[in-house]
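Here is a short briefing for a reader who has not seen this structure before. It starts with the whole chain and then turns to one residue.

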Amino acid sequence: MTLTLYNTLTRRQEPFETVEAGKVKMYYCGVTVYDYCHLGHARACIVWDVVRRYLQFIGYEVRYIQNFTDIDDKILNRACVEHSSMEAVADRFIKAYFEDMARLGIKEADEYPRATHTMNGIQRLIHELENKGFAYPADGDVYYEVRQFAEYGKLSGRKLEDMQAGKSDRVNVEDPEYQKKKDPFDFALWKAAKPGEPAWESPWGAGRPGWHIECSAMVRDRLGDTIDIHAGGADLIFPHHENEIAQSEAVTGKPLARYWLHNGMVKVDGEKMSKSLGNFTTIRELLDRGVDPMAVRLFVLTAQYRTPIDFTDEAIAGATNGWHTIKEGLLFGYQYGKKLGWGVGSGEWGVGTASLLPEIVERFQEVVNNDFNFPGGLTVLFELAKELIREGNIIVHEGKTETSPDELQRQWQTLVTLAGVLGLEAEIEAEPDKSNGLSDAEIEAKIQQRQEARIAKNFAESDRIRDELQAEGITLIDSRDGTRWHRN
């Protein structure tokens with residue numbers, strides 16, 4: 001059951017082998033913090049959260065780093081509109097990010113480096129590129145000389161000669177930045193300060209870093225020269241990740257990442273999500289409408305992570321129904337564990353891997369090991385949940401089940417554990433408030449009165465008692481073995 005991953009760099013699925021045995025260094029290109037996170041961010045963060053969880057589940061020690069881009073033209077523009085500062089805007093939306101991710105059940109990364117906190121590493125990397133002949137200064141700017149890196153385009157599959165033909169008509173030769181460059185494909189590593197913008201001192205004058213160099217520096221500072229997994233959205237393959245490779249590998253002479261993984265984009269009703277189309281939905285807007293965060297997570301995981309997904313009302317309704325099924329299975333132990341003799345009270349028996357069903361776990365791993373096939377893993381969960389629901393119905397209607405309590409406990413523990421790998425967790429519902437309702441003894445007394453009425457053929461009284469109990473939220477179930485009841 002070897003884990004194999006589709007590597008964007010090699011364009012094929014490969015066995016997963018880490019730089020250091022048993023350990024994974026993983027970096028995810030995080031968000032630019034100028035606005036609230038939207039559905040595209042939700043998908044990416046859920047996917048890489050589950051990838052990390054799964055790697056830990058199969059025994060890897062994972063160091064997971066996710067950056068914040070906290071200096072960018074979009075942040076500066078928002079600060080200008082709001083008569084605020086770049087730092088204030090960034091801080092506000094970083095705080096909002098953590099709020100949204102907590103609602104989605106996203107585990108926090110091991111570290112969240114910020115571009116503005118990595119300025120020494122950024123300048124050091126630019127200086128090394130300059131010394132090695134891959135970068136050149138130009139009137140306070142510093143540019144990366146793309147043609148000096150022979151392997152440029154290896155991630156995206158693009159060739160400079162092909163891009164040259166399409167770019168010539170779009171170049172504005174009057175653009176001052178264009179005039180500074182040796183070649184139209186060269187990109188900025190450092191930008192000279194503009195009036196009114198925040199700036200940092202550097203050997204090239206006051207200014208700020210370009211976008212691409214930030215991630216190269218943060219990866220190197222936090223994880224070293226070569227990492228195992230570099231993750232991000234498919235929209236980042238070119239130019240961002242392509243430029244990261246060019247920057248980092250030109251300096252170190254080593255691969256920046258062994259595996260490049262990219263999640264597909266999110267569409268809304270078949271169209272690209274954008275504010276101009278009016279279909280731009282933030283995470284908090286969606287959740288504030290009453291959509292269960294676990295249904296959002298389930299929706300994301302029902303699609304193979306590399307493929308596009310289409311967010312529609314029908315899709316989220318289907319995911320909500322699916323979550324109700326899994327949730328009912330996850331709550332099985334808390335509803336029936338006491339009756340099955342698992343423990344004195346709900347939750348006291350716990351969930352331990354020693355009690356899992358190995359054949360189910362092996363089947364789960366076998367499907368997920370095929371390039372993180374989470375939809376296949378969900379199929380295993382649904383089968384377990386439906387079986388537990390069926391067993392719960394038998395317990396309610398017949399008062400017992402033919403399956404042994406030990407076997408049911410193992411099924412439930414297996415479901416809870418595997419669902420947790422996917423980040424699907426059900427909140428334990430509070431016990432019904434009995435302070436103003438009937439006690440168990442009072443219910444049993446009512447049932448006895450009803451039985452006496454039936455023996456006396458006083459069916460009107462029998463029906464009255466049943467209706468009275470039903471109004472109190474108590475359902476009666478008659479069988480050859482007597483009458484059982486449960487609270488609704």
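Predicted model: local features only at pLDDT ≥ 70, side-chain atom pairs only at ≥ 80, totals over all residues.

Residues are numbered from 1 along each chain as its sequence is written, and side-chain values use heavy atoms, leaving out hydrogens and water.

**Overall form**
- The chain has 17 helices and 15 strands (DSSP runs, H or I of at least four residues for helices and E of at least two for strands, numbered from the N terminus).
- Its radius of gyration, taken over C-alpha atoms, is 29 Å, well over the 23 Å that the globule rule gives for 488 residues, so the chain is more spread out than a compact globule. That rule is 2.2 Å times the number of residues to the power 0.38.
- The C-alpha trace spans about 105 × 50 × 35 Å along its principal axes.

**Burial and surface**
- Of the 488 residues, 49% count as buried (under 20% relative accessible area, 1.4 Å probe, protein chains only).

**Arginine 53**
- Arginine 53 lies in helix α1, residues 39-57, and is buried, with a relative accessible area of 11%.
- Its side chain forms a polar contact of 2.8 Å with the side chain of aspartate 49 (a pair of N or O atoms within 3.5 Å; within protein, one must be able to donate a hydrogen and the other to accept it, and residues adjacent in sequence count only if both atoms are side-chain atoms).
- Beyond its neighbours within four places in sequence, arginine 53 is in contact with Gly105, Lys107, Arg297, Gly420, Val421, Gly423 and Glu425 (heavy atoms within 4.5 Å).

Notes. Buried < 20%, exposed > 50% of the residue type's maximum accessible area, 1.4 Å probe, protein only.
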